[in-house]
Amino acid sequence: MAEQQRGILVRFFVGIWSLFNFTRRLVFGVIALIVLIGFFAALRTGTARLQNKTALVLDPKGAIVEQYTNDAAQRALSSLAGDKSRQTQLRDILTAIDAAARDPRIARIVLEPDGIESAGLSTSREIGAALERFKATGKPVIAVSNGMTQGQYYLAAHANTILLHPASLEGVLLTGFGAYRNYFKDALDWLRVDVHVFKVGTFKSYPEPYVRNDASPEAKEADLFWMNDLWGDYLKDIAAARHLDAAAISAQIANYADAVKSVNGDMAKLALAAKLVDKLATPDEARQMLIAEGVRDRHSYRQIDFADYAALVEREHPLDTRPQVAVVVAEGEILPGDQPQGTVGGVSTAKLIRHARDDDDIKALVLRVNSPGGDAFSSELVRREVELTKTAGKPVIVSMGNVAASGGYWISMDGTEIFAEPTTITGSIGIFGIMMNIPNTLARIGVHTDGIGTTPLADPIDPRRALDPNVGTALQAVIENGYRNFITKVAAARHKTPEQIDAIAQGRVWSGTQAQARGLVDRLGGLEDAIAAAAQAANLGDNYRVTYVEKPPTFWERLAMNMGNDALVRFANAVLPQMPLGLLNQPQIREPLRLLQSASDGKLGVYAYCFCSMR
């Protein structure tokens, strides 16, 4: 009987192993099949010949970023798993538009902005400027949409013709800019959590949600000042592109309810009446218009997607051995150590700058900054490498993107020249520290902390114990010293006195235009302007090429990047079911709580961070 039971048990485990082995082989077989199909699809795409009178379809998806936040293989797997959050690199869009302007085979651009989920105003200005360069060659841009947010419309406004779906529920939704946050003081008080903030700067508002239930009057005053400047630029830009009156657009927004009521809630009709669009057309009608104005290709017009076109342009250009102007991207939060791309690492980003300095083929460096700041010490590590590169004789031109504030300004201050868009969010020169203590929280559940130390300073910032007032005084002195160092470094870099910098610092945020007026920025312009200035500073004239200094991709990452037109991902999504990734994370709640969590690890975090996002 025992032997029979052992036999049943053995057969059971053998069956489990067989099932596991079969599943393993099946999964790897499917992956291999996907890779092969994607590979041959990429080859087929790569050998396709671009014909004359082709339309470049510019249809960015997801967030438009300076740099991907993950590698190509991760992006493919994320899409395979059903993650709909996608990213498009700004450089890829600009490369495609500028190459198309010179390419006689490209007759026009068809802009489809509806897939853009987020793009900062300065990013949109860069793309708008590229579209204007394209139009200057005599080639048209046609925008086709089912309904647009104000961010999407900013790009569409640069088109010669805008076609909007007549049944659009949102039309063209212009609402203005706002910056709203969640405040946690009552929740933290209820939890009996003691939050200690140490800061310098009247306008340094980042830590306010932990100690207040609302924004301070100083924060509201400062935020409204720079947001009004950006909103004015937005209205001015779209009015100029559409030959409209900015004041009239602003007046309609102020009386939006009456305007919507006057057209019986027909948002498409309202957009047409306000001359924000040129024609109302369904997708099939728009397609027929494009066929009539171009060349029919099967059931649509002759076209190529901008991502495929950018890859084609890269393949068609031979090896370029000209001197290099290098671009190092510093995008995202500034964190200690070695960080992945899409984040500024105190060690990793400093290493990239050092690599550019040591490479004799690189004659100048552009530091492209799109960061609200973060860890203060890591910011200093990056700034020091910029200073050393400049001292070594290589010009370092800083190009500020959507935001280069607080720690983002810290890493920028020593540039040979600093470029910013008028709509860049910068400044916020100030630092703060934050700590969390939870003895009352623990006591609430019957947990108490006690012991003895050899001195009063033994384990002084243990979150389980109340903060000693003397320790708090010492920590505030540390933060004040950090602020003095910050403004002293800015003063030296910008050829001003610390007192002059302090008057425009105090954590206050400025637009690019406002920052230039106060001497924090040298020139207004975008990435292309900064690259040209770097080449000029290195005496290269027009004899240079642009290269991005990034972590080199692995073999599998290169394979995924070479899958033209996302062939692997498209095939996988077609043959495999979508897999939900779980509940949505709300960044408005997740981000501030993450900082609070880091404040409970028994160390004082010193941050040069700016809350300067808007919607």
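Predicted model: local features only at pLDDT ≥ 70, side-chain atom pairs only at ≥ 80, totals over all residues.
Arg383 is buried, its relative accessible area being 6%.

## Other salt bridges

The whole structure contains 28 salt bridges. One of them joins the side chains of Arg105 and Glu316, with an N to O distance of 3.0 Å. Arg105 is in the loop between helix 3 and strand 4 (106-111), whereas Glu316 is in helix 12 (residues 306-316), so this pair ties together parts that are 211 residues apart in sequence. Glu316 is partly exposed, at 41% relative accessible area.

Within helix 7 (residues 217-242), Asp233 and Lys236 are three residues apart, about one turn of the helix. They form a salt bridge whose closest N and O atoms are 3.3 Å apart. Asp233 is buried, with a relative accessible area of 8%.

## Packing of helices 3 and 4

Helix 3 (residues 90-102) packs against helix 4 (residues 121-135) at an angle of about 10°, and their axes are 9 Å apart. The two helices are therefore roughly parallel to each other. Residues that meet here include Leu90, Ile93 and Leu94 in helix 3, and Ile127, Ala130 and Leu131 in helix 4.

Terms used
Residues numbered from 1 in each chain as written. Heavy atoms only, no water. Axes fitted to C-alpha atoms, helices over the stretch in contact; angles between N-to-C directions. Helix = DSSP H or I, 4+ residues; strand = E, 2+ residues; numbered from the N terminus. Parallel < 35°, antiparallel > 145°, perpendicular 65-115°, else oblique. Contact = heavy atoms within 4.5 Å. Salt bridge = Lys/Arg side-chain N within 4 Å of Asp/Glu carboxyl O. Buried < 20%, exposed > 50% of the residue type's maximum accessible area, 1.4 Å probe, protein only.
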